[in-house]
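Okay, thanks for making time, everyone. Let me put the model up on the screen and we'll walk through it together.

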Amino acid sequence: KIKCRASDRGCQIITSLQSAEDHVKECEFIDVSCPKECGEVIQRFKIHDHVRSFCNRRPVVCDYCFSQMQLRHLKNHKNAECQKVPVDCPQCGLKMPRSMVPKHCSAGSDGDCPLTEI
């Protein structure tokens with residue numbers, strides 16, 4: 001009989017040498033790679049929580065446009081891409097969706113920014 005190779009990490013299984021490899025394939029204390037291929041290596045019993053709550057490749061939804069993407073893309077999406085995220089007019093400071101800024105700041109009858117030169 002031998003201890004599991006993850007005995008120092010919490011596994012208390014003692015098995016025969018012949019059954020050791022079968023146990024390792026199921027042992028909850030052995031490190032495994034994230035199934036979403038984010039590069040993280042986590043103990044098998046923590047994978048579900050990692051994928052659900054911590055993985056940067058888990059699906060998330062933008063609070064503004066409701067587009068779905070991986071968490072790793074959300075910051076750039078909000079900072080540069082999302083047309084519905086609230087931003088300040090670069091001239092008057094009025095907050096509005098990013099998509100409205102060009103029209104708001106345009107010269108002529110289309111624009112309504114009080115600080116745009118005509």
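Cys92 is partly exposed, with a relative accessible area of 30%.

Quick housekeeping. This is a predicted model, so local features need pLDDT of at least 70 and side-chain atom pairs count only at pLDDT 80 or more, while totals for chains, interfaces and linings use all residues. Residues are numbered from 1 along each chain as its sequence is written, and side-chain values use heavy atoms, with hydrogens and water left out.

Staying around those cysteines, look at His104. His104 sits in helix H4, residues 101–105, and it counts as buried at 5% relative accessibility. What does His104 touch, leaving out residues up to four places away in sequence? Cys89 and Cys92, to begin with, and then Leu94, Met96, Gly111, Asp112, Cys113 and Thr116. Contact here means heavy atoms within 4.5 Å.

Now zoom out. The protein chain has four helices and eight strands; those are DSSP runs, helices being H or I of at least four residues and strands E of at least two, numbered from the N terminus. Reading from the N terminus, the order is β-β-α-β-β-α-β-β-α-β-β-α.

And the overall shape? The C-alpha atoms fill a box of roughly 85 × 20 × 15 Å along the principal axes. The radius of gyration is 26 Å, whereas a compact globule of 118 residues would be near 13 Å. That radius is taken over C-alpha atoms, and the globule rule is 2.2 Å times the number of residues to the power 0.38. Of contacts with a separation of 6 or more, 4% come from residues 24 or more positions apart. Buried residues make up 29% of the 118.

On charge, there are 18 positive and 15 negative side chains, and the centres of the two sets are 4 Å apart. Lys and Arg count as positive, Asp and Glu as negative, and His and the chain ends aren't counted; each charge is placed at NZ of Lys, CZ of Arg, CG of Asp or CD of Glu.

Last stop, some loops. In the loop between strand S3 (31–33) and strand S4 (41–43) we find Glu37. Its phi is near 60 degrees, positive in a residue other than glycine, and Glu37 is exposed at 62% relative accessibility. Glu40 is in the loop between S3 and S4 too, but counts as partly exposed, at 44%. Beyond its neighbours within four places in sequence, Glu40 is in contact with Val32, Ser33, Cys34 and His50. Its C-alpha is 9.7 Å from that of Asn56, 16 residues apart along the chain.

Finally, Phe66, in the loop between strand S5 (59–61) and strand S6 (68–70). Phe66 has a positive phi of about 65 degrees although it isn't a glycine. Is its side of the story buried or exposed? Phe66 is exposed, with a relative accessible area of 61%.

Key:
Buried means under 20% relative accessible area, exposed over 50%, partly exposed in between (1.4 Å probe, protein chains only).
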